[in-house]
Amino acid sequence: MKSLISLLVDELPFSEREIRELLNSAPSRYKVHYIEKRKGRGLRQIAQPTAEIKLLQRWAINQYRDQLPVHPTAKAYISDSGIRQHAAAHVKNSYLLKLDFKDFFPSIKGIDVRRHLAKHLGAPSEDLSLLMKLFCWKGKPVGGLRLSIGAPSSPFISNSIMFEMDEKIQKKCSDYDATYTRYADDLAISTNQKDALSAIYEHILELCDSSKYPSLKINPGKTVFTSKKHNRHLTGLTLSSDGKVSLGRDRKRLIRAMTHAYTTGKLNPDELGKLRGWIAFAYSIEPDFVESLERMIGLQALNRIRRT
């Protein structure tokens, strides 16, 4: 079996010396910036690796993807899956529990990554150490290697590292005939058994406390127990009482208003790109709504928005 260094030298335009230097220095080759969180809840740290490290990360994910498991309950960063599939799994159940992991990516440490790779790859020790450096960054202000928000490899690595925990949560949910899905750091559990969710919630807290890796904590401020008696929302989508996934009335009202403003020449040009994005998003979630826009303004006008 070829070593990681040998594979990279064979497949990428770098010498062995360059590959070794890039891998060993990878955790420091990041640029950091901050974006505002939703609803003004502070700033989110984004750490993006340099172009060379991104290239190596993408290569490594493609190289080892088939050997690193991802649980079927994971709905983020998966081909032919997304927030609609995450929400649709729960739309017909009466009771819903929503949970959120606190600081999900940064909570996954370099040692967690190395343990997971060792468990599933069976690679030599040097390769495991180099891959850990490749996938993690030297986080600031707190030291130590961890996953970054902004690296192209972080989504897949986080999904795979969660495999064992997803499996344990799924098993517990099966005991209560409950449905479980996870969209990145957002967990959703639904059931038609009124008292089941409390037991499952306590089990998840115990799993977080006892997990060998990764070390995760539930964000209590984002824990929500709800039911069909109330408006149910999941990752920005509405679970309607008639068993459908919807964009929600407020969002559809906004899109209709922007579409009408476009047809009357009153839409701010800066908003046109946003409208195009909203319509593309709406088509992936609720295509019937896009058809209603077509009836409202005509196919030609709708196509002009899409092509803009």
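Two strands are taken to pair if DSSP finds at least two bridges between them, and strands (E, at least two residues) and helices (H or I, at least four) are DSSP runs numbered from the N terminus. On this basis, strand β6 (residues 179-183) pairs with β7 in the antiparallel sense over 5 bridges. The structure is a predicted model, in which local features need pLDDT of at least 70 and side-chain atom pairs count only at pLDDT 80 or more, whereas totals for chains, interfaces and linings use all residues. Residues are numbered from 1 along each chain as its sequence is written, and side-chain values use heavy atoms, with hydrogens and water left out.

The protein contains 14 helices and 11 strands. Its C-alpha atoms fill a box of roughly 60 × 50 × 35 Å, taken along the principal axes. Of the 308 residues, 44% are buried, where buried means under 20% relative accessible area, exposed over 50% and partly exposed in between (1.4 Å probe, protein chains only). Among contacts (heavy atoms within 4.5 Å) with a separation of 6 or more, 68% are made by residues 24 or more positions apart.

Strand β7 (residues 186-191) has 5 of its 6 residues buried, so it is largely enclosed by the rest of the structure. The hairpin of β6 and β7 has 2 residues between the strands. A184, found in the loop between β6 and β7, has a phi near 60 degrees, a positive value in a residue other than glycine. With a relative accessible area of 7%, A184 is buried.

A positive phi also occurs at D103, which is not a glycine and has a value of about 50 degrees. D103 lies in the loop between β3 and α5 and is partly exposed, with a relative accessible area of 44%. A further backbone feature is the cis peptide bond from Y213 to P214, with omega near -10 degrees. P214 is located in the loop between α10 (196-210) and β8 (224-227).

In soluble globular proteins, nonpolar side chains tend to be buried together. A nonpolar core is defined as a set of buried Ala, Val, Leu, Ile, Met, Phe, Trp, Tyr and Cys residues joined through side-chain atoms within 4.5 Å. The largest such core has 55 residues, and those with the most contacts inside it are L56 and I189. Apart from it lies another core, of 26 residues, among them I83, L96, I255 and L293. When residues up to four places away in sequence are not counted, L56 touches L8, L12, F14, I19, L22, L23 and L134.

Three of these partners, I19, L22 and L23, are buried residues of helix α2 (residues 16-25). Seen down the axis of α2, the buried residues fall within an arc of 95 degrees, so they line one face of the helix; the arc is that of the directions from the helix axis to the C-beta atoms. The buried residues of α2 pack against α1 (4-11), α3 (51-64) and α7 (125-135). Helix α7 also contains E126, which counts as partly exposed at 41% relative accessibility. E126 and E52 are 74 residues apart in sequence and 21 Å apart in space, C-alpha to C-alpha.

An open sheet of 3 strands has the order β9-β10-β11, with antiparallel pairing. Its edge strands, β9 (232-234) and β11 (245-246), each pair on one side only. Strand β9 is joined to β10 (residues 237-239) by 3 bridges, and the bridge partner of L234 in β10 is L237.

Pockets were located on a 1 Å grid over the protein atoms alone, a pocket being an open set of points where a 1.4 Å probe fits, with protein on both sides within 12 Å along at least five of seven lines; lining residues have an atom within 4 Å of a point. Grid points are joined across faces, edges and corners, and a volume is the space filled by probe spheres set on the points. The largest pocket has a volume of about 1500 Å³. Its lining comprises 42 residues, of which R38, R44, D100, D185 and K222 lie nearest the centre. At least two lining residues are supplied by each of β1 (30-36), β2 (43-49), β3, α5 (104-107), α8 (154-161), β7 and β9. The largest share, 4 residues, comes from β2.
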